[in-house]
Amino acid sequence: MAAPRLLPGMGKLFEMPAMLGRVSRPHSTSHAFAEVLRLPKRQLTKLVFPLQEFERHLLQDSGSDLHLKTFHPSLEDIARAEGFFTATARNRIEYLSSAERLDHAPDLPRPEVCFIGRSNVGKSSLIKALFSLAPEVEVRVSKKPGHTKKMNFFKVGKYFTLVDMPGYGYRAPEDFVDMVETYLKERKNLMRTFLLVDSVVGIQKADNIAIEMCEEFALPYVMVLTKIDKSSKGHLLKQVLQIQKFIDTNTQGCFPQLFPVSAVTYSGIHLLRCFIANITGNLKTNGT
Ligand code: GDP
């Protein structure tokens, strides 16, 4: 398997924003990703394409039908995507409002993506990591399970809206299912649902209920494996393999490729940003 290569002239991306003009972009690429690009190749691959580390094992175990590289954009595309997540005067990234019910949700024309998951799965931390290039955006991260009781809407420039849904499971609000179900079923501009699974414990009963909900409503959704820095490589491999197989055999609407992430090491965060920019129609990549 070929490791991602730095394309000739890649460094110039950071000097000449005008070169990036395939799609309309808010501004030049972030410094953070410029630093990532300077990492040794192995470290860079691990950080940007965390699933790749398991490719050999996964293929050995399961043959060639696993979808490891369904979305595998170039580093240039990933660098472009960073721009959408970087706050500037012209690209305002901000918390908009919260709602307890769909009819209180802001009426927004932009494409929307939402994040759902069990309480404590690492949802707030992941959203915070996605917004690390817009540090003034306040995403509440709490040690107490079940703190997110409302849907929180965040505007990402003029490009899309990101919605943080209340956590389900332990001490979730009583009307959680009603609220989430109605939103998932009726939100017209919802482009993709990101369903978070904790890599330490794998798919739990409450996750299965959310998966069934996504399947029943024929929603396009994506599974994100959180906290990957917390597990040994062996444990993570087991989870990745199990969940990839689960996606392949038990789901219709789930994107075939799992997205492992860590809000601590930032592993997988850049790839996820690129995926979001892509599926909201803002960035065409060669990766799909
Ligand atoms: P939420 O209830 O789903 O919003 O979960 P939080 O984001 O509040 O995270 C729950 C707990 O897991 C907190 O103690 C976080 O610090 C921790 N956590 C979240 N993401 C990660 C991660 O990627 N790595 C590690 N090691 N801990 C994490």
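1. A contact here means heavy atoms within 4.5 Å. With that in hand, residues 24 or more positions apart account for 76% of the contacts in the chain with a separation of 6 or more.

2. A word on the basis, before you load the coordinates: this is a predicted model, where local features need pLDDT of at least 70 and side-chain atom pairs count only at pLDDT 80 or more, while totals for chains, interfaces and linings use all residues. Residues are numbered from 1 along each chain as its sequence is written, and side-chain values use heavy atoms, with hydrogens and water left out.

3. Now the overall picture. The chain has nine helices and seven strands; these are DSSP runs numbered from the N terminus, with helices being H or I of at least four residues and strands E of at least two. Of its 288 residues, 56% count as buried (under 20% relative accessible area, with exposed over 50% and partly exposed in between, using a 1.4 Å probe and protein chains only). The accessible surface comes to about 13,400 Å², and carbon and sulfur atoms hold 51% of that; the areas come from the Shrake-Rupley method with a 1.4 Å probe, and for residues only the protein chains shown count as cover.

4. Strand 6 (residues 221–226) deserves a look. Six of its six residues are buried, so the strand is largely enclosed by the rest of the structure. Tyr221, Met223 and Leu225 point one way, and Val222, Val224 and Thr226 the other way. In a regular strand the side chains alternate between the two faces of the sheet.

5. Who are the neighbours of strand 6? Strand 5 (residues 190–198) runs parallel to strand 6 and is joined to it by six bridges, with leucine 195 opposite methionine 223. Strand 7 (residues 259–260) is also parallel to strand 6, through two bridges, and there valine 224 stands opposite phenylalanine 259. Pairing requires that DSSP finds at least two bridges between two strands.

6. Finally, phenylalanine 275 in helix 9 (residues 269–279). Phenylalanine 275 is buried, at a relative accessible area of 0%. Leaving aside residues up to four places away in sequence, phenylalanine 275 touches Phe71, Arg192, Phe194, Val222, Phe255 and Phe259. Its C-alpha atom is separated by 8.3 Å from that of alanine 81, 194 residues apart along the chain.
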